[in-house]
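Student: I would like a close look at a single part of this model, please. Could you take me through the aromatic rings and the strands around them?

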Amino acid sequence: MDLREKVRRFILVTTLLAVVTSLAFVLTRISESMAANAQKKRDRDAYAELSQIAATRDADVCETPAPATPTDAVKTPFVSPIAFRSLHDINENIVGWLRIPDLSIDYPIVQTSDNAFYLTHGFDRESNSAGALFLDCLNQPDFQMAHNVVYGHNMRDGTMFAKLRLLLDRRHFQKHSAAYLFTPTETVRLKLFAVRVVPLDYETLRTFAFESPEEEAGYWRNETSQASLALENIPPAERFLTLMTCVDNERLLVHYAMLPDADRAR
């Protein structure tokens, strides 16, 4: 075999090895992508199933003690539209349910002793890239603090808190319709009043209680004055809810007033 033939065979073998290696790499990436997409679909299906459970099983009833007078007063039950008992059987960390129809947000809210676990775990506590919506670990689980903060991922497939960024558009902000927070003891109407983008290290967000009404008013004046979009007047309310997600290496804060509602167990 002359030198020219050896060189030709070497080039052929080298080329074939390169093709095989490239093909194996491509097939591996395709397989990984298919597996990731399948997992995302399972994650979406799991939350869709939770919505069905919340809506179709027997609703929860919280009895309100009858007042001392008049003597013929009867107990008035609070009936939640969310089947919290059924959801509690799946995950005892559930504290609420958030529903924002025009943003396709309809998910349970959980809370645990840290703000890390539900970044990587779904409502079923299994590993899940979408995580779960969770209430800050320093908030009270009944949402009775002056300021309540719920976190969620901004998923590329448009799920979880991804569509909150639509509220940065003035047209969406102005047309934003009803939003609701459900808990085992009340249904709360939410009124959007400000949307703000802040740095990742914005720790002022985790201010949950205030020493005085003046301090609280000052806090919300600052939030609205620095906001991308805000109502001229902050809706009067005793409690507020902030939804937080990440956008472009920053944090998006969506501020709601928690309006009084007759649907509450007292």
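Tutor: Happy to; what follows goes from the aromatic cluster to a neighbouring loop and then to the strands.

This is a predicted model, in which local features need pLDDT of at least 70 and side-chain atom pairs count only at pLDDT 80 or more, while totals for chains, interfaces and linings use all residues. Residues are numbered from 1 along each chain as its sequence is written, and side-chain values use heavy atoms, with hydrogens and water left out.

Let us begin with the rings. Rings of Phe, Tyr and Trp (its six-membered ring) pair if their centres lie within 6.5 Å; planes under 30 degrees apart count as stacked, over 60 as edge-to-face and the rest as tilted. The count by this rule is eight aromatic pairs. In one of them, Y219 and W220 have ring centres 4.9 Å apart and planes at 90°, so this pair is edge-to-face. W220 also pairs with F240, here in a tilted arrangement with 4.8 Å from centre to centre and 35° between the planes. Helices (H or I, at least four residues) and strands (E, at least two) are DSSP runs, numbered from the N terminus.

Buried means under 20% relative accessible area, exposed over 50% and partly exposed in between (1.4 Å probe, protein chains only). Y219 counts as buried at 10%, W220 at 2% and F240 at 4%. Ring pairs join F193, F210, Y219, W220 and F240 into a cluster.

Now for the loop. T207 lies between strand 8 (186-198) and helix 4. Its side chain reaches the backbone oxygen of T204 at 2.8 Å. Leaving out residues up to four places away in sequence, T207 touches H147 and Y219, where contact means heavy atoms within 4.5 Å.

H147 takes us to strand 6 (residues 147-151), where five of the five residues are buried, so this strand is largely enclosed by the rest of the structure. H147, V149 and Y151 point one way from strand 6, and N148 and V150 the other way.

Strands pair if DSSP finds at least two bridges between them. Strand 5 (residues 133-135) and strand 6 run antiparallel and are joined by two bridges; F134 has Y151 as its bridge partner in strand 6. Strand 6 and strand 10 run parallel, with five bridges between them, and N148 stands opposite L241 in strand 10.

Definitions and conventions
Polar contact = N/O pair within 3.5 Å; in protein donor to acceptor, adjacent residues only side chain to side chain.
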